[in-house]
Amino acid sequence: MKVNGTPMRTIWPVEAGKVVEIIDQTRLPHEFVTTQLTTRAEAAHAISAMLVRGAPLIGATAAYGMALAMAEDPSDANLKAAHEALYATRPTAVNLRWALEEMAVLLPGLAPAERAAAAWTRAGEICDEDVGLCESIGAHGLGLITDLYAKRGGTGVFNILTHCNAGWLATVDWGTAIAPIYKAHEAGIPIHVWVDETRPRNQGASLTAWELNSHGVPHTVIPDNAGGHLMQHGEVDMCIVGTDRTTRTGDVCNKIGTYLKALAAKDNGVPFYVALPGPTIDWTVRDGVKEIPIEQRDPAEVTRIWGKTDAGALEWVIITPEGSQAANHAFDVTPARLVTGLITERGVCPASEAGLSGLYPEKRT
Ligand code: MRU
């Protein structure tokens, strides 16, 4: 996607085997800052401190982290240590494990001297593959939006509600939930997006709004608790969200608050779709509520908020009384029964084991 007219990805190689660059997403929307990663430790920090975030981009960054680790020390011992250190950065997005497993399949069989170059090449391929997967999700989602818009009479504005950021900033390019929106906007369907602010880190207000604004897609930021009211009043035609991990049975783990939107959508007959690439499916898990580890983040993300003052300074402010405790569960699980369908790079399917294994027959066993 373009930033000030220039096409960009969220992560890109600068010097083969040595330097990869990222957008520091903690500075958006107020500052556009990029930063270079040159060591495994810097890559791990970028993931855990959320300079990069979003399941596919976390996976891509971890892949480059392994390549940087192999440039530092290609020994078997470091292969294991780097895998463990990167794996420990964030627990919920399964693309992290997927990307590290790709490297774990590739690297041990190579001579140490060959590992850094091979890992660098594979990291680049993972990024290119992600762009292709996300663009296909966009094409399949466009078909869905076109049908729903036509069913609604094909006139007026088509309102889509989304939660958190599942746009190009969460992936290498295009995004998952937002890819169909970009495609529909380009196709001339008059889309308007309701953007949940997504407390506590405000990925909707800061990142999704920034993306849509940069791309000229009409949107309105709403407090997280407004979606139910809008659905009751016929102001939402469809919800599309992303996911950090979806089980083989179609349970969807995504940013905290997604479950409440799915409940409101069910109660109001609003179609609730989840967009995801293949590497976000965890084929080892059946029951998302019981089995997916939910990241618990620093309560300070709840008790404080970051923004720009009227005078233009970027500041943190405290919003809770001293002495109040805060809890920060970063994700929740929406059971498959509340999900109208899954939009993948291979097509749209029901959120069920039969639906997913119909699209991914190689994963049936
Ligand atoms: O904590 P984050 O910002 O990494 O979480 C990202 C999300 O939960 C997004 O909603 C997204 O849909 C998953 S990644 C496409």
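This is a predicted model: local features need pLDDT of at least 70, side-chain atom pairs count only at pLDDT 80 or more; totals for chains, interfaces and linings use all residues.
The protein chain falls into two parts, domain 1 (2–129) and domain 2 (136–363). Taken over C-alpha atoms, the centres of domain 1 and domain 2 are 24 Å apart. The two parts also meet: 33 residues from domain 1 and 36 residues from domain 2 take part in the contact.

The largest nonpolar core holds 74 residues, and the members that touch the most other members are Ile11, Ile145, Phe158, Trp168, Ile191 and Met238. Helix 5, which covers residues 112–151, gives the most to this core, contributing 13 residues. Because domain 1 (2–129) and domain 2 (136–363) both give residues to this core, it lies between them.

Attention now turns to a single loop residue. Asn202 sits in the loop between strand 7 (191–196) and helix 7 (203–215). Is Asn202 buried or exposed? The relative accessibility of Asn202 is 11%, and buried means under 20%, so Asn202 counts as buried. When residues up to four places away in sequence are not counted, Asn202 touches Glu197, Leu207 and Ile305.

The last stop is the ligand. In this model, 18 residues surround the ligand, and the closest are Arg90, Gln203, Asp244, Asn254 and Lys255. Several polar atoms of the protein can be followed to oxygen atoms of the ligand. From Arg90, a polar side-chain atom lies 2.8 Å from a ligand oxygen atom. Arg53 also uses its side chain, with a polar atom 2.9 Å from an oxygen atom of the ligand. For Gly54, in turn, the polar atom belongs to the backbone, and an oxygen atom of the ligand is 2.9 Å from it. How much of the ligand's exposed area does the protein bury? Taken alone, the ligand exposes 410 Å², and the protein buries 100% of that.

Methods. Residues are numbered from 1 along each chain as its sequence is written. Side-chain values use heavy atoms; hydrogens and water are left out. A nonpolar core is a set of buried Ala, Val, Leu, Ile, Met, Phe, Trp, Tyr and Cys residues joined through side-chain atoms within 4.5 Å. Buried means under 20% relative accessible area, exposed over 50%, partly exposed in between (1.4 Å probe, protein chains only). Helices (H or I, at least four residues) and strands (E, at least two) are DSSP runs, numbered from the N terminus. Domain bounds come from an automatic or database domain assignment. Contact means heavy atoms within 4.5 Å. A residue is near a molecule or strand if one of its heavy atoms lies within 4 Å of it. A polar contact is a pair of N or O atoms within 3.5 Å; within protein, one must be able to donate a hydrogen and the other to accept it, and residues adjacent in sequence count only if both atoms are side-chain atoms. Accessible areas come from the Shrake-Rupley method with a 1.4 Å probe; for residues, only the protein chains shown count as cover.
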